Amino acid sequence: MEAFVAAMIVAATPLLFAALGELVAERSGVLNLGVEGMMLVGAVCAFIVAKSTGSTAAGALAGAGAGLAMAALFALVALGFSANQAAAGLALTIFGGGLSGLLGRDYVGVPLPKPGPLFPASWAEAIPYGKAIFGHDAMVYLALASAVGIWWFLARARGGLKLRAAGDNAESGHALGLPVLRIRFLAVLFGGAMAGLGGAYLSLAYTPMWGEGMTAGRGWIALALVVFAGWRVGWVAAGAVLFAAVTQLQFYAQGWGWRAPSQFWAAAPYLATILALALLAGRRTAGSAPAALGRIFRPSS
Amino acid sequence: MTADPSPPSFSSAVSARRPLFEARGIVKRYGSFTANDHVDLTILPGERHALLGENGAGKSTFVKMIYGALQPTEGEFFWEGEPLRLSGPAEARRLGIGMAFQHFSVFEGLSALENVALALPPEPLAALDRRVREVSGDYGLPVDPSKPVHALSVGERQRVELLRCLLQNPRLLILDEPTSVLTPQEAETLFRALEKLSAEGCAILYISHRLEEVRALCSRATILRRGKVTAEVDPRATTARALAEAMVGAEILDVKRPSGDQPRGEEILQVERLSLPADGPFGVALKEISFSLRGGEILGVAGVAGEGQNEFMDALTGERRAPEAGMIRIAGVPAGRLDPTGRRRLGAAFAPEERNGHGAVGDAPLSEALFLTRRHEAGAMGAGGWLSRFWAAGETRRIRERFDVRAAGDDPPARSLSGGNLQKFLMGREIVRAPKLLIAAQPGWGVDAGAAAAIQSALRALADQGAAVLVVSQDLDEIFALADRIAVISRGRLSEAYPAVGMTPERVGLLMGAGHSSPEAAA
């Protein structure tokens, strides 16, 4: 069971990165459907840099940078030129898929050492479930810390208030003197960096290798998580953990004597997550979408 | 002062009259269109100054420039005699210029407190919460700062916006149509707050189309027509009618009032014990609503926001179906289970409150808006079920001519029309088809005096032709100008409908608050 919990936390990490980043972008009023593409480019760049420098940290940074660059491209088109956000985001995903395949041509199947745990091994052995709590690499804790940080930022910080205002009513924000487009630009860049980190985690730690399309739809799941979680940080984290738990079930279920076709286990995480979150979303306490989400805003002069 | 031996010096008298704010020769052009044409205006400290004008006269453009949200093409502003160049609203606020917008610029997803915090320099929220409660107590503008704005009534939202301005210690406060959706009592509260504020030295620039209010509140009025200043008057020394005529530049026709006992037609709308559960956490349940409406009469349903009139409208239009067909009868036919189209086929027509997004699709051109409610008419569909563009273009032209809908281009998108012009078009859309029953919500909201009079005359003319008209409105002036009988909706219940002759705004206001007693008991 301890191994299961530990594996679940690891599997939740890339989703958490990507979904938190998208949550921030969407709370500012920008719908970026390019998460999958940003994750893929982040994954391949992280892998290449980690391979050539031998440093996981450098790889992770490169992944974040690559995601950010992709997001900048999206922001230029969707915010700078006021293009349709859904179309620009879809284009970004398709572009990211192709670009990552091209960049990673020579790296398919090349192995990379797994990063070691952040805390000393003695901590993990000191308490029950220690391995699930202390046994992970630094990026897992970074993801958790960013969840807390983003929650604090959105709920408590003035910057977060301005960001939510930009996502609620861009015209009113502009009339009050908020730099709406700049806020949205920064939020989108942050979302890109987080998606890049999510991708980097996949190729550096989750399965330390590069394979084309290795995100396997996690970018889309991250997008769905944000919606079904009602744009709330806590629910996004819970959804990511649930998804990860069901993903890991397929490796542990047989050992526990549960029998089902392997295709069922492959589909189960998607089904379970969407079902659970959709049920939650139907409740009255469900959060609502940022009112200005996906709407093009051009400041008048 | 009487003890002072020296007479009041000339210089102090002059400095007391030195303008706080001055606009000289302000011009704002959009391409070839001139929204403001050499506008001059001065505001004295502590003065309550009205800015009057029709829709599209350029009032909003002008005040947005004062607030720094727009830049003038030509001309200069002066603040206490110094030239003023505003880089944006943030700078205007630093100087002490506050503005409450017509369509409140509040953020619905945020709490009242957060809404206030956004406009102020950073400050711990707990301290701000105390200040908001203090100021809201001082000025008699009660609001719970912790509540999310989407859960507040229209009146409360406006208070949030006002508090946001007041906490900035403004020296000039600009209010754009502040009372258009308030009850008489709420408006009274607002006036007292404004009077207190101006007594403390804050100047107020007050934009309204309610001329009686301007006369009660303001000592000076600047009148704009088609971007130009046409008059600067003391509103107390002139009549509301003269003010309105100066705004419109033409004589305003009186709405023909019925004598009170003209012949009535047959019953066209009957509603019997209509109950409907609340729709969502912020909805209001309708409780046992019964009334009937005959041809030739106008029933006015008064009520403040959030008392159930949205639900009442939805139930009558068919956007929400009644539990039983017999609860609503149109021309004798049970219609409770019919959708809006089915009810239209029985001769009903509807004009909803929300013009863009409900009455019309903002980005779609006017001719297409016709198909939203009138696609079943002969001529609307050509051979093979194709929409007839020819019919739509002709009808659009006809409506625009008859109702004087002013807009650029032959077939502009609905969004590009000013509120009043879009409303004239949408009312026209329903009226020209000569329905047996017309149900309209807030027909005069945000509409200037000229357009409001035109809409009211058209509604009266429709009733005179034998149609039954139901008007749901928060604007009591409108209800009194139109209705033969008046009912009040309050907490989802509809009062009895009383003859308009003999009702007063005070009695209606009491019915709104007290609920469901008879006017005798309320009076």
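Does Glu288(B) count as buried or exposed, and what C-beta neighbours inside 10 Å does that rest on? Point 1 takes this up, after a word on conventions. This is a predicted model, in which local features need pLDDT of at least 70 and side-chain atom pairs count only at pLDDT 80 or more, while totals for chains, interfaces and linings use all residues. Residues are numbered from 1 along each chain as its sequence is written, and chains are lettered from A and ligands numbered from 1 in the order in which they are written.

1. Glu288(B) counts as exposed because it has 12 C-beta neighbours inside 10 Å. The scale used calls a residue buried if 20 or more other C-beta atoms lie within 10 Å of its own, exposed if 12 or fewer, and partly exposed in between, with C-beta atoms placed from the backbone. Glu288(B) sits in strand β12 (residues 286-294) of chain B. Its phi is near 45°, a positive value in a residue other than glycine. Helices (H or I, at least four residues) and strands (E, at least two) are DSSP runs, numbered from the N terminus.

2. Asp404(B) also deserves a look, with phi near 50°, again positive in a residue other than glycine. Asp404(B) lies in the loop between α13 (389-402) and α14 (419-431) of chain B. Because 13 other C-beta atoms fall within 10 Å, Asp404(B) is partly exposed.

3. Turning to chain A, its secondary structure comes to 13 helices and zero strands. The C-alpha trace of chain A spans about 65 × 45 × 40 Å along its principal axes. A compact globule of 301 residues would have a radius of gyration near 19 Å, and chain A agrees, with 19 Å. That radius is taken over C-alpha atoms, and the globule rule is 2.2 Å times the number of residues to the power 0.38.

4. Of the 301 residues of chain A, 50% count as buried. Among its contacts between residues at least 6 apart in sequence, 80% join residues at least 24 apart; a contact means C-beta atoms, placed from the backbone, within 7 Å.

5. Now the core. The largest nonpolar core has 246 residues, and Leu15(A), Ala19(A), Leu20(A) and Val236(A) touch the most other members. Helix α10 (residues 180-206) of chain A gives the most to this core, with 16 residues. Such a core is a set of buried Ala, Val, Leu, Ile, Met, Phe, Trp, Tyr and Cys residues joined through C-beta atoms within 7 Å. Leaving out residues up to four places away in sequence, Ala19(A) touches Ala222(A), Leu225(A), Val226(A), Val236(A) and Ala240(A).

6. Where the chains meet, 15 residues of chain A are in contact with 19 residues of chain B. On the chain A side, α8 (158-168) and α9 (170-176) each supply at least two residues, and α8(A) gives the most, with six.

7. Chain B is divided into domain 1 (16-248), domain 2 (261-347 + 436-523) and domain 3 (362-434), with bounds from an automatic or database domain assignment. The C-alpha centres of domain 2 of chain B and domain 3 of chain B lie 25 Å apart. Between them, 15 residues of domain 2 of chain B are in contact with 12 residues of domain 3 of chain B. On the domain 2 side of that contact, α15(B) gives the most, with five residues.

Definitions and conventions:
Contact = placed C-beta atoms within 7 Å.
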